[in-house]
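Here are some notes on the rings and the annotated positions, jotted down while going through the model. Have a look at the structure first, then read on.

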Amino acid sequence: MSFAPLASEPRSQVDDPSSPVMRFGADEPLMMDAGVALSPWQIAYQTYGTLNADRSNAVLICHALTGDQHVANDNPVTAKPGWWLPMVGPGRPVDTNRFFVICANVIGGCMGTTGPASINPATGEPYALDFPVVTVRDMVRAQAALIERLGIETLFCVVGGSMGGMQVLQWAVTYPDRVFAALPIATAARHSAQNIAFHEVGRQAVMADPEWRRGRYLVEGTRPSKGLAVARMGAHITYLSEMALHRKFGRNFQDRSAPTFSFDADFQIESYLRYQGISFVERFDANSYLYVTRAMDYFDLAAEHGGSLAKAFKGSATRFCVISFTSDWLFPTSDSRAIVHALNAAAASVAFVEVESDKGHDAFLLDEPEMFAAARGFIDGAARARGIA
C-alpha cells in the first residue's frame, strides 16, 4: 500500500474544526474516570433543525467508533455525505423538520473535540499518550456538559449504533431523568472478550509501525499510516458478514483473469480492504484510534452496579427500543436480548426488534427499511407521548 503525504485539512480539524465548538475553561474541568480533571477542553458538534419553544424536541445522535459529528452534512475532510443520511434528515426517522438534532465528536476524538492530537496547553505540543485514557462514561459526561451549555434540560431521544449505542445506554443509566427515549442499535451493555481481542490486534498493528514513535509521531513529523491501515482492514472485516462478503466479492479477481502468483492484491476483497485502510488513514488520527477502541473495551454497565445489569436500569422512566441484526456477529442479537431482559427485570418500558439482514454489523448504517420503520414508529410514538407535534 502506498500513502500520499497527509493533507493539512485533517490536522486543521483537530483544534479548529469546520463545525461549532463549545469551549470549557480551566475552571470547568471534565472529571474523567481515569482520575484526571481535564482542562481546558472543548467539544465539537453539529446541529440540524430548530429547537422548539419549550426545548422538548432535542435528539442527540451518538456516533460509532470511527464516526464524527458530521452525521447529516458533508464531511470537511473527505467531502463525502454525512454518515447516517438514511436515518437523519428531513422526513427521515430522525426528522430534522420536527426535531433539533445534535451530534458531537466524542472526547478522545480527532475532529475538534479534545483528544490525543489536541495541543496540550502545558507543553504546547500534542498530548499524544499524555492524554488520559477515555471511557464511554467520559464521552457521555462531555456530551452532557454540551447539552447543558445549549440550555437543554431533557433530551427527547438519544440514538446511536455500535459504540454510539453504548453511549445511548450510558446516557440512560447516568442521566435517567434527562433522557425521555433511548434507541440503542447493534450494541451491547459490555464489550465481549472476542471484541477486546480484535481491538488489541488493531492497537498492536498501530504501535508496531516504526513511524508511531511511541505516540509522538505528530511532534516528530511522521505518521504510522501502515499500522493504522492494517488496523482498519482487520476491523472492517468484523463489520461485515460472510454472506455480504461473498455476495459483493466472492473469489473474484481484481482487474485480471488469473492469479499473478505474487502478493499483489489479486482478489477484489484484497483490493477493497486496502482501499478501506488507505482512505481511513487520511481522515483519522492513530492515537485517537487507540483511545476510542480502549473506551469500548472498558465499557461494562453491569460492573458499575455490582454486576447486575437490571440494577443499572432500576427505576428508569426512559422509553427504550433496542434493535439488532440477524447477521451481526460483532454485536449479536444475544447482546441486545441481554439488555432487553435487564430492562424487563427493572420494569422499564422497552420494545425489541431483530431485523432480518445479511449485511452484518454495518447494517445499521445502510439502507435497511425494517430498521427505519421500527425507528420511525418508536420515535413517532414517543413524540406523541412527549407532546411533540
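1. Let's start with Arg-232. Not counting residues up to four places away in sequence, Arg-232 touches Thr-66, Tyr-239, Gln-276, Gly-277, Phe-280 and Arg-283, where contact means heavy atoms within 4.5 Å. Bear in mind that this is a predicted model, with pLDDT of at least 70 needed for local features and 80 or more for side-chain atom pairs, while totals for chains, interfaces and linings use all residues. Residues are numbered from 1 along each chain as its sequence is written, and side-chain values use heavy atoms, leaving out hydrogens and water.

2. Arg-232 sits in helix α6 (residues 225-239); helices here are DSSP runs of H or I with at least four residues, strands are runs of E with at least two, and both are numbered from the N terminus. With a relative accessible area of 9%, Arg-232 is buried (under 20%; exposed is over 50% and partly exposed in between, using a 1.4 Å probe and protein chains only).

3. Which residues carry the "binding site" feature in UniProt? The unreviewed entry places it at Arg-232 and Asp-362. Despite a spread over 131 residues of sequence, they cluster in space, the largest C-alpha distance being 14.1 Å. UniProt positions follow the numbering used here, feature names are shortened, and annotations may be inferred rather than shown by experiment.

4. Asp-362 is in the loop between β14 and α12 and counts as buried at 15% relative accessibility. Leaving aside neighbours within four places in sequence, Asp-362 contacts His-236, Tyr-239 and Leu-240.

5. On to ring pairs: there are 12 aromatic pairs. Rings of Phe, Tyr and Trp (its six-membered ring) pair if their centres lie within 6.5 Å, with planes under 30 degrees apart called stacked, over 60 edge-to-face and the rest tilted. Among them, Trp-84 and Phe-364 are edge-to-face, 6.1 Å centre to centre with 85 degrees between the planes. Trp-84 lies in the loop between β5 (58-62) and β6 (88-89) and Phe-364 in the loop between β14 (349-355) and α12 (369-386), so this pair ties together parts 280 residues apart in sequence.
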